[in-house]
Amino acid sequence: MIKLSVLDQSPVSSGSTPKEALKRTIELAELTEELGYHRFWVAEHHNTNGLAGSSPTLLMTHLASQTSRIRIGSGGVLLPQYSPYKVAEDAQLLENLFPNRIDLGLGRSPGGDALTRLALTDGVRKSLNEFPRQIQALKGHLEHNLPSDHPYYGVTAYPLSETKPELWHLGINKRGARSAAELGISFTFGHFIYSVGGQEAIRHYKQEFIPSSYQSKPKTNVCVFVVCAETTEEAEEHAKTLDDWLLKVAKGGDTTVSSIEEVHNRSYSEEELKKISTNRPRMIVGNPAEVKQGLIGLQQKYDNDEFLIITNIHDYEAKKKSYELLAELFPQPSFF
C-alpha cells in the first residue's frame, strides 16, 4: 500500500497572480482531503516571483481552518533563519488550534541567495552548520526538557499543548538522514530536488534510528514530482512546463511557470536540453499505468512509507486531474 500526501509550493503560473496561486493551494488542500490524501505540506521560499508561499506557518493556519481531517504541515520551515524557541511557540500554537493535525517539517536550505538570507536574519550571519543544534534546541523546547546547562534553560515555549506536532527532518543526503536518526524524528528525502543517494540515506536513517519520546520507530516519506494524465502524450505536454520551470529556477530571475504555448515558442540550447534530460529522473511522468509502475518502482527502491507528490505545471485543471488519477491508482484507507 502506498500512502499519498502533497507538497505544494503555491507556484505562480504565467498570466496569473500570487493571489490566485494561494487560492489554488487552498482549493487543492480541500480537494486532496476529499480524495483521502494523508497530509498536505506547504513550502518556504523567498525573493522569487514564481512561488507565493513565503510563510508556511501563516499558510498552514489558514489551510487547517479550511479543512477538517488532513494533516497540515511545512515542507519546510527553514530553521537556520529563525529562533528555535519562536518556531516552537508557533508550532504549539498551531497544535492547540488543530490538535493531532500539525506536521513541522524542518529544512536546512538558506531560502535564497546570500543577500536574501541576510535580509531574513536582519544582517546576522548564521551558519547552516548550526542546523542540527537548532533542531535539538527546538525539540527540547517542544518537550520542555532543555538540559540545565542550556543557555535558555528555564524559558518555556507557550502555549503548552496536550499533544505534539510531528517533527520531520527534510534532507537530500546521508548527513540529513543521520541527524534525523540521532534525534529520533521522521525523515523526508527530497527526490524532487536530488534523485541520487536516497537509498543510502534512508537505509542509514533506519539502521541508526534512536527511539525518542516522539516516536519509537523510524518513519520516512519521499517527495517526488509527478505529472499524470489520461495519456502519455498529454502528460508529456504538461511536463514540458515543469521542465522549463526547473531551468528558470536554476537561472534565477523570472520563476513563474510558463504555459505550454510559451514553451513551444522557446528555443533551447544544447546545454539546456541536456539539463532537461538530467532533471527527468527527479519526476515521474505518464499515463496512469506508467505512473503507477514508476511509483511502485520508486517505493521498492527506497522502501519508504509514503510519497509527497508535487506537481508544478502551468495548467491548474491538469494539476488537479493528476492528483485525482493518483488517488484512483492508490485508493487511500482512512488515516484519520
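I searched the whole structure for aromatic pairs and found six. For Phe, Tyr and Trp (its six-membered ring), a pair needs ring centres within 6.5 Å; planes under 30 degrees apart count as stacked, over 60 as edge-to-face and the rest as tilted. This is a predicted model, where local features need pLDDT of at least 70 and side-chain atom pairs count only at pLDDT 80 or more, while totals for chains, interfaces and linings use all residues. Residues are numbered from 1 along each chain as its sequence is written, and side-chain values use heavy atoms, with hydrogens and water left out.

I looked up Phe187 and Tyr205: the ring centres are 5.6 Å apart and the planes at 35 degrees, so the pair is tilted. Phe187 is in strand β6 (residues 186–189) and Tyr205 in helix α7 (residues 198–208), 18 residues apart. Helices (H or I, at least four residues) and strands (E, at least two) are DSSP runs, numbered from the N terminus.

Next I took Phe189 and Tyr302, a tilted pair with 5.6 Å centre to centre and 50 degrees between the planes. Phe189 is in strand β6 and Tyr302 in helix α11 (residues 288–302), 113 residues apart. Phe189 and Tyr302 are both buried.

I also noted that Phe187, Tyr205 and Phe209 form one aromatic cluster.

Last, I checked just after helix α8 (residues 232–251): Gly252 there takes a positive phi of about 85 degrees.

Definitions and conventions:
Buried means under 20% relative accessible area, exposed over 50%, partly exposed in between (1.4 Å probe, protein chains only). The expected span of a helix is 1.5 Å times one less than its number of residues.
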